[in-house]
Structure formats: structure tokens, C-alpha cells
Amino acid sequence: MWPFRRSQRTLERELGRILLDRAEARSSPEDPRIPLSSPEAFSALFGSWRSAAGVEVTPERALGVPAVWCAVNFIAGTIASLPLITYTRDAEGNRRRADGDPIYWLLHDEVNAELQTSFAWRKYSMVNTLLRGRSVSFIERNRIGRPTNLWPLNPLATTVERVGGRKQYRYRDGAAEHVYAASEVIDIPFMLCVDGISAEAPTSRLRNSLGLAIAIEDYAATFFRGGGVPPLAMQMPDKASPAAGTRAAANIDELIRDARSDGRLVLPLPTGHRLEQIGFNPEAGQLVEARRLQVEEIARMFMLPPIFLQELTRANFANSEQQDLHFVKHTLTQWLECWEQELNAKLFGPRSRNFVEFNVDGLLRGDFATRMAGYATGIQNAIITPDEARDSENRPRMGGEAAKLHVQGATVPLGEQTRAVGTPSNAPIHPPAQPAKASDK
């Protein structure tokens with residue numbers, strides 16, 4: 001057993017040396033493309049991620065799948081388009097808008113000196129999170145520690161590590177290298193790994209499902225690029241030579257191309273020759289159903305109802321509305337919570353009375369009837385004031401009575417429906433009965 005153990009140790013030592021050399025080459029300033037703390041590092045060491053279908057899966061190629069393109073753009077665009085408001089709390093705990101806070105303008109308009117808009121920054125960050133598993137942005141502060149710029153960083157050039165028990169971010173910008181503390185970086189991971197540092201990337205963890213979708217799409221494109229003609233086997237006369245078979249195959253291949261270009265349906269064949277289909281039959285293999293199933297798989301991957309990927313096979317008016325609610329409650333809410341807590345912790349600090357919050361009411365901007373019905377219910381039940389409803393519609397405040405809470409006055413206890421307005425509460429509901437007249441007896 002000793003020689004075996006010795007050779008095993010030698011093999012492990014040699015393998016470790018090779019991996020170390022390749023890792024150092026990957027992390028050198030000359031080739032700073034892949035951080036070793038991310039799952040993509042192993043892809044860089046051993047080659048591209050390949051699925052069980054034998055298809056190379058990368059974030060860029062995954063984005064070429066229409067369902068992935070739709071899911072990523074839908075989630076990222078929705079989060080980027082929601083109003084992000086800065087609030088403050090007074091001593092009583094009541095909150096009000098803090099439009100005068102400089103962070104409000106930083107998150108509402110341009111996030112850095114390059115005039116990158118808040119929409120573009122948030123969408124860029126979410127695209128990286130959904131495809132590559134993480135998005136990072138550096139917080140530039142002035143001398144008094146107030147944030148002045150937010151600079152998005154390339155996640156592929158960022159290494160997250162723990163040094164001395166503290167998490168830090170090592171960023172390589174060409175030949176330069178910068179080290180940032182955790183308080184200087186806005187970090188939005190898709191899902192943290194067991195070490196609490198690395199992040200799971202959907203394109204690498206779920207590469208088999210994505211690879212199958214890519215393989216089906218590639219096959220469909222190849223099949224229809226060939227005019228919808230599957231691979232064929234040619235049967236020849238018994239006395240035909242191999243050279244004759246080669247010439248016949250070339251001639252038939254040319255005939256198929258000519259017939260496809262001319263739109264002809266009849267293909268002439270030499271005497272004694274016959275063609276038989278040997279390739280995959282898309283109809284028998286349920287190609288359409290397989291592509292639809294992959295759309296549903298991608299919807300599961302991003303926790304999206306299928307209707308948002310334009311998969312309307314089982315959709316109707318009732319369940320479409322419920323899936324809309326499902327998206328807001330179960331998919332969008334967790335991402336908004338992640339963004340809000342990260343921004344509040346890194347931009348304001350734990351002792352600040354100011355905080356940011358997304359306004360989900362922005363999703364109803366295109367539904368005028370629903371907004372008006374909601375405002376009417378809130379005003380009539382003393383939940384919001386008319387001026388607050390006008391604020392939501394970007395209309396000027398009226399002041400006066402519009403700044404007060406109102407309640408519907410027609411709601412009275414049962415049995416007092418006929419009481420006149422302004423009648424004392426101890427007054428009888430009905431007038432006293434009059435004594436009967438003699439003529440009535």
C-alpha cells in the first residue's frame with residue numbers, strides 16, 4: 001500500500017501545483033478576468049461550463065435564449081423603474097419624505113459624476129445579479145463621509161475574501177488593484193454559498209436546464225436552415241461501387257438544395273436509389289412542447305409566473321391577475337427588501353433616522369381605474385388625505401380641508417338609519433305616537 005499512497009501523494013502534489021500555477025496566472029495583473037472566489041473561477045481553470053447536453057453555457061449565451069432574455073429584462077427593468085424614495089422619521093416615529101437629503105438626489109437622478117442615471121445603474125446591477133450571481137458598486141464619499149458617487153464595478157474583476165475575520169473586496173482595474181471594505185461596497189448577491197462570501201450564479205448552477213434550452217434552439221435553427229429536411233440515409237443498388245455512392249450522395253444533396261431554393265416539392269432520384277429518414281423528427285419528438293417546457297423551467301429559475309415570459313398557453317383573465325399578485329408578493333418583494341436593507345446599511349448607517357424605500361404603487365401607473373378606486377377607498381376610510389393622493393399623482397397640493405383625514409359619514413349603528421343629521425343622540429328615532437282621535441275609534 002505504501003507505493004500506492006506515495007504515488008497518490010505525488011499526484012495530489014502535482015495537481016495542486018498545476019492548479020496553483022493556473023490560479024496565479026488567472027489572478028495576475030496581466031490576466032485579471034476571473035475572480036477565484038466566484039463559481040466562474042473553476043470555469044476559467046477547467047474550461048467553460050458545459051451542460052449534460054454537451055452545450056457550452058455562459059451568461060452571454062444564456063442571455064441569447066429568449067425566455068432568459070425576457071426574464072432578466074423584466075425583473076431588472078421593473079426594479080429599475082420603481083420610485084426609490086428617501087424618508088426620515090421624527091421623534092414620534094412618524095415618517096415623511098426627505099427630499100432635501102443629498103442621497104435622495106443621488107438615488108433619484110444621477111448616481112455618479114458620469115451622469116449615469118439611477119435607472120441605468122439599478123438595471124445594470126440586477127442584470128449582473130441575475131446572470132452572474134452578484135453585482136457590486138463602490139461608494140465614493142467626501143471628507144465628512146457623505147456618499148457622493150456610486151460606481152458600478154465589474155463582478156468578474158472583483159474577488160470577495162475574508163481577511164482577519166473581516167470581509168473585503170479586491171477589485172482589479174487593469175494593472176491597478178483596489179481593496180475596499182464591506183462598508184464601501186453595495187453588494188447584491190443572487191444567493192450566498194455556504195462560506196457566506198461566494199455567490200451562486202444561476203447560469204452555472206442551472207447549466208443543465210439552460211444547456212437543454214440552448215440545444216433545442218440550436219437544433220431548431222439548424223433543422224429549418226436545412227429547409228426542414230432531416231438527415232437521410234440513401235439506399236443504392238447492390239452492384240453500386242463506393243465511389244458511385246459518394247457521387248450519388250453529392251448529387252442528391254445538390255438536388256435537395258436546389259429544390260429548397262426553387263420551392264419545388266418533387267425530388268428526382270436516380271434509378272434504384274431511395275431515401276429514408278434517419279434523423280430526429282421534430283413533430284414526433286414534440287419539439288414545440290419541449291421548447292414550451294424549457295420556458296416554464298426558466299420561469300422557475302427566476303421565480304417568475306410564466307405569463308411574464310409571454311407563455312400564455314394556460315393563461316386567462318382570472319389567473320393572469322393572480323399571477324400578477326404572485327409576482328409582486330413572492331418575487332419582487334424579496335429583491336426590493338434586499339436592495340432597501342443594503343442601501344440603508346451602507347448609505348445611512350444603523351443610527352440614522354433616514355432610510356430609503358421602494359414605492360410599489362408605481363406598478364399601477366398604467367391602471368388609472370384601479371388607482372382612483374384605491375385613492376377613494378383610502379380617503380373615505382381616513383387612511384390617506386386628499387393631498388397625499390394628489391402627491392401620488394404628481395399633482396399640486398390644495399391645502400386646507402384637503403390636508404385633513406376624512407371619513408364616510410353615512411356609516412351609523414344598526415337601527416339608527418333614519419336619524420337625521422345633527423339630531424342629538426338621546427333623541428328618539430321615531431316621533432311619539434299621537435293619541436287616537438274619536439273619529440278613528
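1. A pocket here is an open set of grid points where a 1.4 Å probe fits, with protein on both sides within 12 Å along at least five of seven lines. The model is predicted, and the second largest pocket in it has a volume of about 510 Å³. Among the 26 residues lining this second largest pocket, Pro-189, Phe-190, Met-191, Leu-192 and Cys-338 are the closest to its centre.

2. Two or more lining residues of the second largest pocket come from each of E6, strand E8 (185-189), helix H7 (202-205) and H11. H11 gives the most, with five residues. By class, this lining has 16 nonpolar, two polar and eight charged residues.

3. The largest pocket has a volume of about 1,200 Å³. It is lined by 32 residues, of which Arg-97, Asn-359, Asp-361, Asp-391 and Ser-392 are the closest to its centre. Helix H12 (368-380) is one of the elements that supply at least two residues to the lining of the largest pocket, and H12 gives the most, with five. The lining of the largest pocket divides into 12 nonpolar, nine polar and 11 charged residues.

4. Leu-115, between helix H5 (102-108) and helix H6 (118-132), has a positive phi of about 60 degrees. Leu-115 counts as exposed because its relative accessibility is 61%, over the 50% cut-off. Met-303, in the loop between helix H10 (287-301) and helix H11 (317-348), has a positive phi near 55 degrees. At 42% relative accessibility, Met-303 counts as partly exposed.

5. Gly-174 sits in the loop between strand E6 (166-173) and strand E7 (176-181).

Terms used: Residues numbered from 1 in each chain as written. Predicted model: local features only at pLDDT ≥ 70, side-chain atom pairs only at ≥ 80, totals over all residues. Heavy atoms only, no water. Helix = DSSP H or I, 4+ residues; strand = E, 2+ residues; numbered from the N terminus. Buried < 20%, exposed > 50% of the residue type's maximum accessible area, 1.4 Å probe, protein only. 1 Å grid on protein atoms, 1.4 Å probe; cavity = no way out; pocket = protein on both sides within 12 Å on 5 of 7 lines; lining within 4 Å. Points joined across faces, edges and corners; volume = space filled by probe spheres on them. Nonpolar A, V, L, I, M, F, W, Y, C, P; charged D, E, K, R; others polar.
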